Amino acid sequence: MSRAEATLNVNGLSSEVEDNVEAYLSAIPEEDYSTSLRFQSRVEDSITQAVRALGYYHPVLHFTANEKDQELNVDVTLGEPVVIDTVDIAVSGEAKDDPAFTRLIKSSPLQKGKRLNHGDYDALKSGLRNLALKRGYFEGDFSTTRLEIAPELNKAFIHLHYESGIRYHFGPTKILGSQIEENRVYSLVPFEEGDPYLASKIGQLNQNLSSTSWFSSVYVEPDLSKVGDGNRELPMTIQLSPQSRHQVETGIGYSTDVGVRGSLSWRRPWLNPQGHSFDSSFSLSKPEQEIVVGYKIPLEDVLHEYYRIQYGMKHLDNNDTTSFESSLGLERHWAFDSGWHRTLFIRLLNEDFTQGSQEDQFTMLLPGVSFSKTRTRGGPMPTWGDKQSITFEYGDPALFSQTRVLRVLGRTTWIRSYKKNHRGIFYVGGGANFTDSVYDLPPSLRFFAGGDNNLRGYKYESISPKDSKNKLTGAKYMATTSLEYQYRVYGDWWLATFVDYGDAWNETPEWKTGTGIGIRWASPVGPVRLDFAFGLDADEGADKFQIHFGLGPEL
């Protein structure tokens, strides 16, 4: 340790003892550092307190002062530690048979024969108090708290007796300020009247109410004024404020694939007392212009089950594709506690297009089902996460479709980190159209590879079979995979290297490889990506070097 006035070196310590001594010595102002006897006394007091807190009651300190170099050395011999001889920890009252208290006590390091640590003793005391409050033992208190130490025997005797009293239960719940029907709000309450109190249930209720987007503020509290009146049921109050009826957002972004993209969204989080909602979005870029409107109808289980009606129009002019499509869909959603989300849907697609040398207009009625699951930890640039999705669609002339087709699409993505500076991202995905000919499908159902989402060494959606005029036709099948390694250089800045592999084909794949390096910035709104990619199998005459820039989530 170096200070402006003098240098202090403490020797003979390691691990947690050294860290604790450092913490105690940090309370001495640096301008007071010297080699004087007065300063040595202060250092001795601090070190003695620090090691006693960890059970060493017989330290021997030897000071060596170097006046010329203004250096003070302290050699510390800890001596024999104080060990725990008696552990007398008891819980009485209704918490006596509560397994949560039993687990807490068993997990404590305060065990007979172990070295005494005052921090462990204080942690168990506060842990018992906090657990009691979290589980509704609001009248609980300690009847005995004694930590007795016999330094001459190197023994410690612990006596902790906690009297919990009764456990309170959830009482009747009152809702104030809601513009939504009370039965809808009550369906979000994760407990029944008479259930034992749990603070985690209050947190879950807050989260449930906030997740609906119906309310601008949510406040849930038990009526603790009822504690001690002889009634174990605590009335609950839910105070709500309506969300604004109109929400408008605008945005602008850029990616190499589509260039500058502008967006506008308008939402109405609630339309009526039943909690129906409306959303719309409009996005504009050079190759794509799209508008989508949706109407959501929550069912009895508001958070987990709902209907959605959606209508969209899209114009696309990219490479050898020009199309105008409109679609109308009806969806039934289920969100399960396991994290999986299931959607049954049927959509009516009408598309007027030119694809390569083909000009046509198709109408397809496509019922289907999809399953998806996403898990993340670690903020907008997760340190851990995975996402799985799979979708099945079917069209048939008997069901008003232009052709018979079974579509299967799937993707899995994994993010894993090692320590603080290493991240890896792996994905594999693809799709298949089981049909007679790709020409019997509109372009929006065909597959095109290349670009920021899969093969980064190739232009956006530039990979697919070609017709006799060397124009893209789209493909019946596609499969791509990618492996990326990222290393933190400084702060929120990372370097990346990657390899992409895949193809889009009709009969036999001609696998293509892309590789490159990139820069990542973990911005407050999500990862910003800049990639320099090379298409190792690009056609002769094609641009084998691509720059990709994008902003958005990795899952």
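**Exercise 1.** Classify Phe-534 as buried, partly exposed or exposed.

*Solution.* Take the cut-offs: buried is under 20% relative accessible area, exposed is over 50%, and partly exposed lies in between (1.4 Å probe, protein chains only). Phe-534 has 41% relative accessibility, so Phe-534 counts as partly exposed. The model is predicted: local features need pLDDT of at least 70, side-chain atom pairs count only at pLDDT 80 or more, and totals for chains, interfaces and linings use all residues. Residues are numbered from 1 along each chain as its sequence is written, and side-chain values use heavy atoms, leaving out hydrogens and water.

**Exercise 2.** Classify the aromatic pair of Trp-505 and Trp-511.

*Solution.* Start with the rule: rings of Phe, Tyr and Trp (its six-membered ring) pair if their centres lie within 6.5 Å; planes under 30 degrees apart are stacked, over 60 edge-to-face, the rest tilted. The whole structure holds 16 aromatic pairs. In this one, the centres are 5.4 Å apart and the planes stand at 65 degrees, so the pair is edge-to-face. Now check accessibility. Trp-505 is buried at 15%. Trp-511 is partly exposed at 38%.

**Exercise 3.** Describe the pair of Phe-534 and Phe-545.

*Solution.* The centre-to-centre distance is 5.2 Å. The planes make 50 degrees, and the pair is tilted. Phe-545 is partly exposed, with a relative accessible area of 33%.

**Exercise 4.** Which ring lies under the charged end of Arg-456?

*Solution.* The test asks for NZ of Lys or CZ of Arg within 6 Å of the ring centre and within 35 degrees of the ring normal. Arg-456 sits over the ring of Phe-498, 3.8 Å from its centre. Likewise, Arg-377 sits over the ring of Trp-384, at 4.3 Å.
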